[in-house]
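Welcome, and please have your viewer ready. We will go from one selection to the next and look at what is there.

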Amino acid sequence: MKNSTVYDCSIIELNRHHSDRKGNLTVVENKSTVPFDVRRVYYLYDVPGGVSRGGHAHRQLFQMIVAVSGSFSVTLDDGTVKRTFLLNRPYKGLLVVPGIWRTLDDFSSGAVCMVLASEGYDETDYIRDYADFLNLKQTLND
Ligand code: TYD
């Protein structure tokens, strides 16, 4: 895991196929839209107001987070700098690289948070303790 920063994470503007009569369609395709191959998709929904999700970092996993409906905020933290993004459009994806602590808050009612991930589910890829996370980032900085 190289020592990533929050500035390695960014909003990816997704394409929008617009039709006046039929609404919109957005496509995500491996390589051309996201800089990794999507191996897993999951989504969060029915998140009660006031609840915070996430609260962990990943060692290897790349993700793109999309508010396919409603809105929520994502705070990214590299141990030194925090950046908060409000996601509220289905055509904007937030690329999150490995080694970034993330917290998701302020879910609107009906919000759906879709996550495209570069790997299958692997509990050993998670760093769930914030002190462990800071230690690891410090080690990588040395
Ligand atoms: P968790 O990662 O703790 O959710 P969040 O960080 O959004 O609060 O996951 C919640 C539960 O879902 C936990 O029991 C693990 C399980 N889970 C899977 O089985 N597969 C998956 O791909 C994910 C993301 C979670």
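Predicted model: local features only at pLDDT ≥ 70, side-chain atom pairs only at ≥ 80, totals over all residues.

Residues are numbered from 1 along each chain as its sequence is written, and side-chain values use heavy atoms, with hydrogens and water left out.

Stop 1: Select the open sheet of 5 strands, which has the order 1-9-6-11-4 with antiparallel pairing. Its edges are strand 1 (10–13) and strand 4, each pairing on one side only. Strands (E, at least two residues) are DSSP runs numbered from the N terminus, and two of them pair if DSSP finds at least two bridges between them. Now show strand 4 with strand 11: they are joined over 6 bridges in the antiparallel sense. Tyr43 has Met114 of strand 11 as its bridge partner.

**Stop 2: the ligand.** Which side chain has an N or O atom 2.4 Å from an oxygen atom of the ligand? That is Arg40. For the side chain of Arg53, the distance from an N or O atom to a ligand oxygen is 2.9 Å. At Gly54, a polar backbone atom lies 3.3 Å from an oxygen atom of the ligand.

Conventions:
Helix = DSSP H or I, 4+ residues; strand = E, 2+ residues; numbered from the N terminus. Polar contact = N/O pair within 3.5 Å; in protein donor to acceptor, adjacent residues only side chain to side chain.
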